[in-house]
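This report covers one protein model, going from a single residue to the chain as a whole. Please keep the sequence and the structure in view while reading.

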Amino acid sequence: MTETRESDTVGVPPPTHGRVVGWLLHDRPAGHPGPHRPAPHPTHRWWKVMCLTGVDYFSTLGYQPAIAAAAVGLLSPVATLILVLLTLLGALPVYRRVAAESPHGEGSIAMLDRLLGRWKGKFTILVLLGFMATDFIITMTLSAADATAHVIENPYVPHWFEGKEVVITLVLLALLAGVFLRGFGEAIGIAVALVVVYLGLNLVVVGNALWNVITAPELVTNWRGMLTTEHSNIWVMIGISLVVFPKLALGLSGFETGVAVMPQVDGAADDDPAHPEARIRNTRKLLTTAALIMSGFLITSSFTTIVLIPEDEFKDGGEASGRALAYLAHEHLGNIFGTVYDISTILILWFAGASAMAGLLNIVPRYLPRYGMVPDWARATRPLVIVFGVIAFVITILFKADVDAQGGAYATGVLVLIMSASIAVTLSARRKGEKAKTVGFGAISMVLLYTTVANIIERPDGVQIASFFIVAIILTSLISRATRSLELRATEVRFDEEACRLIASAAKHGELRIIANEPDARDETEYQEKEAEQREVRNLPEGLPILFLEVTLTDASQFETELDVRGEERFGYKILRVDSPSVANAIAALLLKIRDDWHVMPHIYFAWAEGNPFYFLFRYLISGEGDVPPVTREVLRRAEPKRSNRPWVHVG
């Protein structure tokens, strides 16, 4: 059986001279497993993998305190506390469950695919992939924009850099794309170094800021006085914080990435591959530790920055705009330390973009090939890098490299993914009859639904960007599905012992005669009439052995599948049975497998279907049925170019 070309992976060798096109569309190395045969990942200690996800999650400290202060002013610590509560009591329990139910890196999106199923599930996945693309693309552009802000505001940087925010951000994005065009190797070691240094420097900055607050209690008194002047009581403060809280939601990023990297987390030697308990346990440690570290930094940084930094500095053009902790580093620890902090922040923000790009490049091979929804050009990494790079360029120019302006789009992508995860675990708990957990996860889902809707209403640009990705993904997916519908879809064909015995017995005559039968009553009369009809039409001798082949349709929305062929004798008739999402593709794959394994040329016999051919074509694309004989012949023709080696298709 022929194999379709699959995507190459990040990190292929550099191009050889004179092979530009071959380099751009570089196929996967020989023997490299495709998406449906994922390569085994080297495993690492959970805290090291936490650093890999942390380059995205922890890097939000570079801009989160400033965005919070700009969005809610003096209420920043109160609103951040609500964010932390939602993180620890909402997102964390949800993703701890996702880790248990999707332990192989598929994440919450794959959970919804399994729970919803069929075309409804597939279209839900395509929509969510649009929001995921929004999340990752904006992660790249927002992180690069904030890195630019740290570059420009550094006192040692020439003044002529001012006003060049868009240009500098585009250069950073181009360098990011260049890394992936060249090849992106093992990232764990780099991530560990960046995260350890960055968190250590933040600990120094925040610790120094807390000391300044403690030693100058009048600062807290002044903040509290201004807060109570603006807002009459604590309930008003909480109410306003709940209303404006969605603007801070980008501080929830990182959880989906945390479960996506589960194959990198080490487990135990005796782990069950289907449900690796040790790996699940270590991933839960990863998620919990990251959430606790981030929550501590969010609360302390939001409080110290709002108390120590003048309000005007948070506004557009202010020195703390998009870089509140960097402002404190320079103001309280000197420009040398502040520059070291800037360099660390720039690197981790830039590497957060690399993490996002890697996530984007993993979306296509992880989900879409199984649905047959990948166009030919998307099978290679480098064209995707160029496409995503161009999109990031466009978004940077449209938003003018403004960190605050991109916060809404980023928060929309993050919130939709977390909300979908909460809905997935709610449905899972309900299906398993866990009433208390269903109520709890349902409540979390409602909170996240409110947060998502409020964010969309307040800042619709996120939905606008996501809508572009959703429409583009759905259109290209449907076109790809239609154009690839005549491919062999079976990744493997296996025969049970009885099927092998039946085929070997019938193949002794040098040719194998198979009658395709749509299983209805499956009684003796059905087989008797079907055999008599084909023997009469085709003048098949009475003594010639015949097998019946029956294909039972499964989920027609699936594309790639493994075929398990079962043999049985019924009323004296020898029958091969198989389940598949497509009748014609399954028959073609089975015939080619018989030809190769038994070295005999199979003949398949059909009866013509009555009806409109256009209706049959539509039915085949949607339900996997349709006019089976001509489709089977076309699948065989494409899979086996040499006519003399092609199994025979007879229609009468």
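Ile-546 belongs to strand β3, which spans residues 546-553; helices (H or I, at least four residues) and strands (E, at least two) are DSSP runs, numbered from the N terminus. With a relative accessible area of 10%, Ile-546 is buried. Buried means under 20% relative accessible area, exposed over 50% and partly exposed in between, with a 1.4 Å probe and protein chains only.

Apart from neighbours within four places in sequence, Ile-546 has contacts with Arg-513, Ile-515, Glu-531, Arg-535, Leu-540 and Lys-574, where contact means heavy atoms within 4.5 Å. The C-alpha atoms of Ile-546 and Ala-506 are separated by 7.0 Å, although these residues are 40 apart along the chain.

## Basis of the model

The model is predicted: local features need pLDDT of at least 70, side-chain atom pairs count only at pLDDT 80 or more, and totals for chains, interfaces and linings use all residues. Residues are numbered from 1 along each chain as its sequence is written, and side-chain values use heavy atoms, with hydrogens and water left out.

## A residue on helix α19

Glu-529 sits in helix α19, residues 524-538. Is Glu-529 buried or exposed? Its relative accessibility is 53%, so Glu-529 counts as exposed.

Helix α3 (residues 64-72) is largely enclosed by the rest of the structure, because 7 of its 9 residues are buried. Those buried residues are Gln-64, Pro-65, Ala-66, Ile-67, Ala-68, Ala-69 and Val-72. Just after α3 comes Gly-73, with a positive phi of about 65°.

Helix α5, residues 107-116, is mostly covered, with 8 of its 10 residues buried. The buried residues of α5 include Gly-107, Ser-108, Ile-109 and Ala-110. Met-111, Leu-112, Asp-113 and Leu-115 are also among the buried residues of α5.

## The protein as a whole

The secondary structure comprises 22 helices and 7 strands. Of the 652 residues in the protein, 56% are buried. Among contacts with a separation of 6 or more, 81% are between residues 24 or more positions apart.

The accessible surface of the protein is about 27,700 Å², and 62% of this surface belongs to carbon and sulfur atoms. Accessible areas come from the Shrake-Rupley method with a 1.4 Å probe; for residues, only the protein chains shown count as cover.
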